[in-house]
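Q: Please examine one part of this model closely, beginning with a single residue and its surroundings. Then set that part beside other features of the chain.

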Amino acid sequence: MTKPSLPELLHAAVTAVGGVERPGQVTMAEAVAEAIDDDSHLLVQAGTGTGKSLGYLVPALAHGERVVVATATLALQRQLVERDLPRTVEALHPLLRRRPEFAMLKGRSNYLCLHRLHEGMPQDDDEGLFDQFEAAAPTSKLGKDLLRMRDWADETETGDRDDLTPGVSDRAWNQLSVSSRECLGASKCAYGAECFAEMARERAKLADVVVTNHALLAIDAIEGAPVLPQHEVLIVDEAHELVSRVTGVATGELTPGQVNRAVRRAAKLVNEKAADALQTAAESFEKLMELALPGRLEEIPEDLGYALMALRDAARTVITAIGATRDKSVQDENAVRKQALAAVENVHAVAERISNGSEYDVVWYERHDRFGASLRVAPLSVSGLLREKLFSERSVVLTSATLKLGGDFNGVGASLGLAPEGSGGEDVPQWKGLDVGSPFDYPKQGILYVARHLATPGREGSRGDMMDELAELVEAAGGRTLGLFSSMRAAQAAAEELRGRLDKPILLQGEETLGELIKTFAGDAETCLFGTLSLWQGVDVPGPGCQLVVMDRIPFPRPDDPLMSARQKAVEEAGGNGFMAVAATHAALLMAQGAGRLVRATGDRGVVAVLDPRLANARYGSYLRASLPDFWYTTDRNQVRRSLAAIDAAAKQDGK
């Protein structure tokens, strides 16, 4: 039997999921197959509606070697494992004459811990362990969640948090899960043979396709202890998110609360002298943090330096002492010791990292209304780490609807540690960029309107002219508006103002769960939804429910963002354009994602309105516009109101 061709396989898969083949999808599948065969790297931009999941799954399954697919969102992970992969495998099985296996793998804390469930969890301020089920009142929300989780533990096959519906609070979940540092290890745990996390790892070792997330991919790359099974091909979907997810994993944090928890957990397990030294260091650190002002620390102040060295040294002594002390009164000493060790090791690692003062790290204070002050440290750049850990020894395909910024892939490529496309050299990963377009006719389906007549937004203060413009646009659109704001304060102010002015329901992020808000927004055409960052990329509402997407201003990073401003400064010191490389790239990526909320299906029509004249007037405006879908562009306010009214009238005529 001759080997089936890629178009045949793709056709079978697309038919199985009830989709339609798109030219862009075929082009993408061929390019992915070529990259895998050549052992090379590919950045591929595939617009909404291209069917990119099948564009990479089909060539990956046809290749036959193990593939890891890493996504940023749980929604896409679920879609791949519950819908796309089962149907695709079923469709390809007769043609490939084999049935590829697939599995999902997440970080350990995403799985229920049977040891915690049956033995209880270590308590901070008392000896041994305590029973969470007795401690929580059975009528409380926490008590009900814990009881439901106990029942669920008897019936679940995966122990995966996402399989528990309805979900439970973080507080409840944390009582019955452990981090990888707190885990006893399968060989030392009485429940090791039944452990959900271990079973997930075993399934992954046997699978042809392993679906995971960016965070676990980052942990696998950074920590050097392999979490993912050996694989020949890595596919990163939603790749525009990768740098921020890797940065998040590589960021360390110290707070007084966290240090005090470590002290309490270790106190019963070490000699008095070691415990006292850690307690004293913790108190000094807490006093300093009470005075901490938010902002970057270009140099570590002397008093903070001493406090961190004291914490580091005391934590190191405790780590050594925990291994030698056995307290006979402690029940299940292994679990208590492991949790204490995890807490103290984290304090030691962050205190040592900041004390060592690498030029490649950025250190800053942050203040939170609820949680107080924290000291944070993050890498100035993750590009070198990604170049070294991601692109060696395997073929990598990175895909997203937004990878091409300002007309090329080099901006995103640089953030991933890649030299400009086509650059030669032995140690330089070779890659190519491909834009397979979109099945949508953007110039006919959408308008990009820039309110050029408005005043340039300042850092603070009310924007009366912007509020007037927003109210008029929402009125013309008949509601149907997704408002994307650069800050929660701006979203709240706009919601408050428009609730007073217009007879349209205005939903505000934070007043209900995101899922509920989106459901209500999609279900009623007149409803508007206002919010901030997670809405810029998390909303998928095809049809007439969303016909106007408004951005209040260009979403540059805040000037006082310590990490972004440090990255910008570093580019400038190296002779580059820091503003374009960092701030403009950040804004372009968010705006491209935000504008992508408008057209989600071939019948969608609408307007993306940017209420910031800099998009039309500033020199960098053309770079940002080139990063957006190719909508028809105008600055004519009357034209846009007429268009919105016509789109609203057409939707009402269709009864929507």
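A: Leaving aside residues up to four places away in sequence, Asp162 touches Leu74, Arg78 and Lys106, where contact means heavy atoms within 4.5 Å. The model is a predicted one, in which local features need pLDDT of at least 70 and side-chain atom pairs count only at pLDDT 80 or more, whereas totals for chains, interfaces and linings use all residues. Residues are numbered from 1 along each chain as its sequence is written, and side-chain values use heavy atoms, with hydrogens and water left out.

Asp162 sits in the loop between helix H7 (141-155) and helix H8 (170-175). Helices (H or I, at least four residues) and strands (E, at least two) are DSSP runs numbered from the N terminus. Of the residues it touches, Arg78 also makes a side-chain to side-chain polar contact with Asp162, at 3.4 Å. Such a contact is a pair of N or O atoms within 3.5 Å; within protein, one must be able to donate a hydrogen and the other to accept it, and residues adjacent in sequence count only if both atoms are side-chain atoms. A salt bridge is a side-chain nitrogen of Lys or Arg within 4 Å of a carboxyl oxygen of Asp or Glu.

The whole structure contains 34 salt bridges. One of them joins Arg614 and Asp612, with the closest N and O atoms 2.7 Å apart. Arg614 is buried at 19% relative accessible area, and Asp612 is buried at 0%; buried means under 20%, exposed over 50%, and partly exposed in between (1.4 Å probe, protein chains only). Another salt bridge pairs Arg99 with Glu90 at 2.9 Å, N to O. Here Arg99 is partly exposed at 39%, and Glu90 is likewise partly exposed at 48%.

A further salt bridge, between Glu526 and Lys504, has an N to O distance of 3.7 Å. Glu526 lies in the loop between helix H21 (514-523) and E17, and Lys504 in the loop between H20 and E16, so this pair ties together parts 22 residues apart in sequence. Glu526 is partly exposed at 34%, whereas Lys504 is buried at 16%.

Aromatic contacts complete the survey. The structure holds seven aromatic pairs. The rings of Phe440 and Tyr442 have centres 6.1 Å apart and planes at 80°, so this pair is edge-to-face. Rings of Phe, Tyr and Trp (its six-membered ring) pair if their centres lie within 6.5 Å, and planes under 30 degrees apart count as stacked, over 60 as edge-to-face and the rest as tilted. Phe440 is buried at 7%, as is Tyr442 at 14%, and together with Phe631 they form one aromatic cluster.
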